Amino acid sequence: MLSEGGVPQRPVVFVSRPELVNQVRKKLYLLQKDTGGWVTVFGMAGSGKSVLAAEAVRDHSLIEECFPNGVHWLSIGQLDKADLLVKIQSLCFRLEQSLDSPSHQRVASSLDEAKERLRFLMLRRYPRSLLILDDVWESSVLKVFDIHCRILLTTRNRSLADSVSGPKYEVEVESGLDDKKALEILALYTKLNQNGLPEEARSIVRECKGSPLVVSLIGALLKDKPNRWGYYLRQLQQKQFKRIRKSSSYDYDALDQAMAASIEVLPDEHRELYKDLTVLEKDVKIPAKVLCVLWDLEPEEVEDILQEFVNKSLLFVDGNSKPHLYYLHDLQLDFLVEQNREQIESLHSKVVRQYQHHYREAPPTSGDEECFYWIRFLTYHMAKGNLSQELYSLMFSLDWVSLKARIMGPAHLINDYVEHGPILDKENSEVRSQFQEFLSLSGHHLEQRPFPDVVQLALSQPRSSEVYRQARQQALNRANGGKLYFELINKSGVENLSRLVIHPHLGSIYSACFSHDGSKIAACGASKTLKVFKSTSGEKLIELQAHDEEVLCCAFSPDDHLLATCSSDKKVKVWNILQGKLLRVFAEEHDEQVNHCEFTNTTQRLLLATCSNDSGLNVKLWNLNKPTSQNTMFGHFEPVNHCCFSPDDRYLATSSNDGTVKLFQVSTANEWKTIDVKSFFSESDEEEVLVKCSTWTADGTRIICAARNAVLVFDVQTSDMLLEIKTHRLSTVQYCHACPTSNLLALAFSNYAVELWDLEENKKRADCSGHLSWVQRVQFSCDGSQLLSCSDDQTVRLWETEKVHTSSAICLKRDSDVLFNGEEIIVSASDNCNRLQVRDGRTGSVLFQSEEMPFRIRCTCMCRNPSVVSLGQEDGNVQVLELPSGKLLATLPGHTKTVLHCQFCQDGETLVTSSEDTTIRVWKWRSGECKVLQGHKEQVRCFSLLGESTNELKLLSWSFDGTVKVWDVESGEKLQDIAAHQGAILSCHVSPDRCLFATTSADKTAKLWSCESWQCAFTLRGHQECVRSCRFSWDSKRFATGDDNGEIRIWSVKDGSLLKVCSQESKDGMDSLHGGWVTDLHFSPNNSLLVSTGGYIKWWNVARGEALQTFYPTGSALKKIHVSPDFSTFVTIDNIGILYVLKRVA
């Protein structure tokens, strides 16, 4: 278990420290009684904290009793946010892969998102586990792990845990080893009895100042040269090696002398090889094969050299892994970097040149540790070696994206574009942005196994994108060799609604706001800066280094002369924005990070409100003319996330992690009332209710609160809940803001979305898509004409409210019909406003749109001659409309319940409909004449027409009642009544040669029937779930079935034998083989290919049963697919209403 969790092995020479180990174990036992807590092991660098932490968890009873869900080790060190994000992504991936049914969500692309994913995993999936964070330097890093789980951390900074919540316990490692333990190490190395050590031994231990690392270095030297006790003592005392930079947390003198002495005794050629290790990243372990490439030596020779370094304690080896992995202690790496500071660039260049020489034919793809190293760190070495051109050509290559994503997953790849962004942007910032956007949107697919075709994914990118250009070229080349690729040809139908996109900062943007006159935008975030831009062009007006830590909020004063900022550094600052000068700093009164700041709405009595993570005194009002706060509001004892004044400035609303919103009277600072938001959520749900923010309606009569995935609207006077807006189950509402001039409400989500809702009608009015990570803030301009949003994707987006309101959020329903006519593709479907739309499939342009219907449209079909479209509604009515005029030609009342299916006969004058009312109706639609086919006992979802002319037409109907009935269309007579299945019939298909028809059922079987005798020819068994769909091949020799587990089977029509099970061996990392039910199937005209729909679209080789290509829609749950006669064009609509028109690349 420890090895799986990444806990390091004991060092080669190990000295037990039972007293300290037992102290740590006692503290770990104390974590049992809490859902979360911290044990801090602190001490100076090189004092053995990591070895101590690893030893403490090597106790079977401790693991069994306290941490049966496992121990997970994470080496932290000094890292920036991007590196930290990658570490958490990798940890989450490791944790998810260990589950019985791993989930494949989109890769977390921000620290907030990664923190939420880790919180879920630790609380829900690994509640009794221990997370060990080794070598933590910064409190900001520790805050990311403040997720109510059990954590052991090693650090040099004792006060680090003060910044996080929960029970805390400490163990001090005073100064490393005492003299007795240090002498024991020397005795173990030199194989002498402790009492037999020479008198210089004690002096050496004194000079080593208790550092186990330094003692080990000297011990390793004495092992080879046992007569040099006096020489090495003098080496330590002379302190010849001097550093350019000293660290305040560690006395390097003893280490430097020991390292210099150890390197000095190496042979000259080995000394040069050891210098090459300067380029390693901290906390990275490498296999010997990497150094075979770097040194151009045989593996056996490299292993001998490395063993020499290990024997001299110049290198450490992880024997847990196969093959063995080698690494340096942070302090050793510091020494090497210091010693070789002038040569670092050339050393990195050497690594890249050696790689390029060794892998000149093709990059490594084996997936072993050596391959992992090169794929992960090649870009790092290029950047450090200042090899910009090599970095451009590598990272602007779709081949590299595919290779790295397949071997490492997308997390490291996305981080590369963030980390090396400044270098890449010098070459082409637009291309860098295109690759980063592609990965951000497709990252969750790149985690799936089997690994998807990156070229197919990239074909969905905009035509102007370099990613698309490369994909298109590769698709054409491969299509010539018979490979299948499909291009989305209706891309132009997707409108980009954001008016302006600004990239103001490197790092997440936590807050952005309009000035009151709407001419400026201020933004702040992880970069610690405050920037102000023109709202018309995005031109930067001001940039200020605002705080020492992340800036969490910014706000304009009502006259736009001042800007307030607040930060994780616990300070509140007020700036004169006209002069770019700092006016005020309020630094003393908040003891924790300040989350939000806001001015009053008028200058009549200008006040600034702030709220923080303080445990009690967490809401304050400031008069800018006074050095201290004017008032403190009491009432919340958990962090307060947000505060805002009512439109008339009489009240201040505060939103807190305690699950409440409190309203305070501004004049007295007294609490007026509390709205207990958490009481409106289910008590059975253990998850905390954190109120993220609140906003007032323009008239001040209602207050709107965001918590979890819901928005609740309350009456201010009565505290009654008036309205609840429930949103996406798997995302949280990060922020909400009510429009000052209308009933619109803007919402920001963790699933990258921005939505507009109408508060009067409780309807979503718009989707504003474009952000690639969590949206942190939304705000309307004062006149309501504009909306801004800011995100962890480092952008601020501006939207025109009216344009978004009227043109977005138009999504289509999945019940659709398509006409193919040469190159022309016509699609009819209802939209989410319950209007019938007829669109040009190629351009997305609307050819016809009906008025909003009073009852939901449930089915539609088109006729080419005459050019008409019919629709069936939930009230049972059927309408026929002329195209493209939309003129109503006929209204056909008759069905008493929802119309489920409609179809024109070949003459265009006869229309057949089926309904939930169990009947089928055959209409002469121009006259309204109707025949009713009655006999089914349950709803008739569909039917098939048999025959060419209306006079000889037969109709095959099937129902949830398990029966199939055959009708004479002309007379309405029932010709056959077949009790086909025990369960509901889910699909039916007639063979092209009209000899057989097939039925599939919820009873998990499919049956083939003779159209002559109407008897069952074969019963096909083998599916483990409901058989949802079926289709005969065009030559009527094969028959395909699809079930609710995503499995597709291909059968012989001749004898009913099973020919192939499609994709049985390669489950797609989801609950289903197909991402959902298999809902539709179609063979190609030559019967060699099969297309299927489920959660996505798949194309199969019929003879081999192998998947040839997969297209992943944005949504899922595809209902049907329309296929052109030549099998080159495919049309479908997903569950979020996006229309896809796919054309085979040829």
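**Salt bridges in close-up**

**View 1. Arginine 469 and glutamate 466 form a salt bridge.** In this predicted model, the closest N and O atoms of the two residues are 2.8 Å apart. Both residues belong to helix α23, which covers residues 466-479. Arginine 469 and glutamate 466 are about one helical turn from each other because they are 3 residues apart in that helix. Arginine 469 has a relative accessibility of 47%, so this residue counts as partly exposed.

**View 2. Glutamate 487 and arginine 472 are joined by a salt bridge.** The N to O distance between their side chains is 2.7 Å. Glutamate 487 is buried, at 7% relative accessible area. Arginine 472, at 26% relative accessibility, is partly exposed.

**View 3. Lysine 662 pairs with glutamate 671 in a salt bridge.** Here the closest N and O atoms are 3.5 Å apart. Lysine 662 has a relative accessible area of 9%, which means that this residue is buried. Glutamate 671 is partly exposed, with a relative accessibility of 36%.

**View 4. Arg10, Glu55 and Arg58 are linked by salt bridges.** The three residues make up a network. In total, the structure holds 44 salt bridges.

Methods
Residues are numbered from 1 along each chain as its sequence is written. This is a predicted model: local features need pLDDT of at least 70, side-chain atom pairs count only at pLDDT 80 or more; totals for chains, interfaces and linings use all residues. Side-chain values use heavy atoms; hydrogens and water are left out. A salt bridge is a side-chain nitrogen of Lys or Arg within 4 Å of a carboxyl oxygen of Asp or Glu. Helices (H or I, at least four residues) and strands (E, at least two) are DSSP runs, numbered from the N terminus. Buried means under 20% relative accessible area, exposed over 50%, partly exposed in between (1.4 Å probe, protein chains only).
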